[in-house]
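Here is a protein to look around in. Take a moment to turn the model about, and then we'll walk through it together.

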Amino acid sequence: MSLALKIILVINALIIVYFLLVNGTYLLHNLIALGAIRRYNFTRAITDYERPFYSTFYKPVSIIVPAFNEEKTIVETVRSVLSLRYPEFEVVVVNDGSSDGTLESIKMAFALWETDETFDYDIPCEEIRAVYRSDEHPNLKVVDKENGGKGDALNAGVNVSSFPLFCNIDADSVIDAWSLLQIVKPFVEDHRVQAAGGVVRVANECDIEGGEVRDIRLSRKWLVRFQTVEYLRAFLFGRLGWSSLQTLMIISGAFGIFRRSAVVEVGGYRTDTVGEDMELVLRMHRMMCSRGKDYRFTFLADPVCWTQVPEDLASLSRQRRRWQRGLGESLAMNRGMMLNPRYKWVGMLGFPFFFLFELLSPVIELTGYLIFVVSLILGALNLPFVIAFLVSAILLGILLSVSSIFLEEISFHKYPRLRDVLTLCGFAVLENFGYRQLTAWWRLRGLIELLFRRRGWGKAKRRHFKSVREAEAVR
C-alpha cells in the first residue's frame, strides 16, 4: 500500500470519527432540549400572563431597534413594538446614519419632534446628532447618529436608554404581543440572570397587520422553506440544549435582552466585528467568571420574534458568509477561553465545540466529499460501505431536522396547518441534497474572507410587511 493511500485512509477514518462526534453531540442536545421543553411547557401551562399578578411583577425595559436603510420595514416594526403587552417600557430607535428615508418615515408616521434632553456616553459611540420624541407615543425615542455600524448603534441606544434592562431587536422584525413579559420573567425570578434570548422565526409571507402576526403562513419559496427548517433546528434544540447545560454562547442580535449595568461594565458592543452579538456574550462570560460571579445566561423557547430572511441566493450567500466571519472573529477575540477551566463549561465544552464543529465544519465537510471521491477513484474504499455511510449520514440529518419540527408541534404549534408541517418535513429531507452542501460552500468562503480580513455587512434586501389583503391586492 502506497503512502498516499495510507494517508487517504487515515483522513477518511478521522472524518468518520468527526462525523460521529458532531452528530452524537447534536443527538444529545435533542434529548436535552426535549426534556427542557417538557419542563418549560409545565410552567407555561400554569402561567397566565394576562392575570394582574404577572403584570405587576416586572422590570421596566428599554427596547433598542438599530436601523440602517430600513425604510421599508421600520414603521411596521416600531408599531409592533409599541403594541407589546407590557406594563412599562420605552422604544429607542437608532437611525445609524441611514442614506435612505428611514428617519423621514419614522418622523412622518409618529409625528416626531426634536428634544434637548441630555444623556451620558456610558459606552463610546459615534456622535449622536439628535434625539426625537412623539406626543402620540410618550415612550418612543428616536436617535439620529453618525454611521458606525450595528454594534455602535446598539451602544448609542444603551446610552440613551433609561431602564435597567434593554432588549435589542432587528428593524426587519416583529415581536409576538406577550413575548416581552415571557422573556423578562427569568430576570424577575432569578437575580443571577444577566441575559436571555428568545426564538427567531421566519416571517416571510406571514399575515402581518398593525404590527402583529395575524396568521402564520409558510412561504411558497423553496429557499425560505429551507431556512425555516434551519431556524427551527438552530433554536429549538441547538440553543435550548446549550442553555440547559449553562453553556449558552449566542444570544441572537435579532431578539435578546440584557442587564444594562453588566453590558456597560463590560464595555458594550465591539464595533470591529460583524458578530457583535456572540462576541458580547463571550466577553460577558469572561468578565463574570474572572470576577467569580454566580450568573446565568438563559434561552426561552416561547418568546418569539418574527424576521424576514433572504429570498434569493446572493443575499443568503452574503448572510451566511457574514455569520461565519462573525463566528470566527468572536472566537478569535476571546481565544483565551479555549479549554480554560477558569471559564467552566463554556471554556471546556462550548468553546471547543464551536471551534471544531461550527467554525471548521465547512472545511471538514467539503474535504470529506473530495476525499471520498478520490478514495473511490483509487479503490481505497469499499463501495457498499460508502453507500451505507452516506445513507446513514443523510438519515441522521433528516432525523435531527424532523425532530426539531416535532418539538415545535408538541410544544408551541405555531404552524396550525398540517400541510405546512408535512411540507417542512419534506424540506428536512430535501435540504440534504444540495442546499446543505451549498451552505457549507458559503461558510467556507466566509472563512476565507475572515483570513483576508474582509469587513462590512453587505447590502440586505428588504420588502414591506404586508397583510393578506394587501398581498392579494398586489397579485
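**A walk through the fold**

The protein has 16 helices and 12 strands; both are DSSP runs numbered from the N terminus, with at least four residues (H or I) for a helix and at least two (E) for a strand. Keep in mind that this is a predicted model, where local features need pLDDT of at least 70, side-chain atom pairs count only at pLDDT 80 or more, and totals for chains, interfaces and linings use all residues. Residues are numbered from 1 along each chain as its sequence is written, and side-chain values use heavy atoms, with hydrogens and water left out.

Let's start with the overall shape. Along the principal axes, the C-alpha atoms fill a box of roughly 80 × 55 × 45 Å. The radius of gyration is 23 Å, which agrees with the value near 23 Å for a compact globule of 475 residues. That radius is taken over C-alpha atoms, and the globule rule is 2.2 Å times the number of residues to the power 0.38.

How much of the chain is tucked away? Of the 475 residues, 56% count as buried, meaning under 20% relative accessible area, while exposed is over 50% and partly exposed lies in between (1.4 Å probe, protein chains only). Now for contacts, which are heavy atoms within 4.5 Å. Among contacts between residues at least 6 apart in sequence, 80% join residues at least 24 apart.

Next, zoom in on helix H6 (residues 179-189). Nine of its 11 residues are buried, so H6 is largely enclosed by the rest of the structure. Among them are Leu180, Ile183, Val184 and Phe187, and you'll also find Lys185 on the buried list.

Then hop over to helix H13 (residues 383-411), where Ser404 has its place. Ser404 counts as buried because its relative accessibility is 0%. Leaving out residues up to four places away in sequence, Ser404 touches Leu232, Arg233, Leu236 and Phe237.

What about the cysteines? A disulfide is a covalent bond between the sulfur atoms of two cysteines, and here the cut-off is a pair of cysteine sulfur atoms within 2.5 Å. The structure holds zero disulfides. Cys125 is in none, and the nearest cysteine sulfur, in Cys167, is 19 Å away. Cys125 is buried because its relative accessible area is 16%. For Cys167, the closest cysteine sulfur is in Cys305, but 8.1 Å is too far for a bond. Cys167 is buried too, at 0% relative accessible area.
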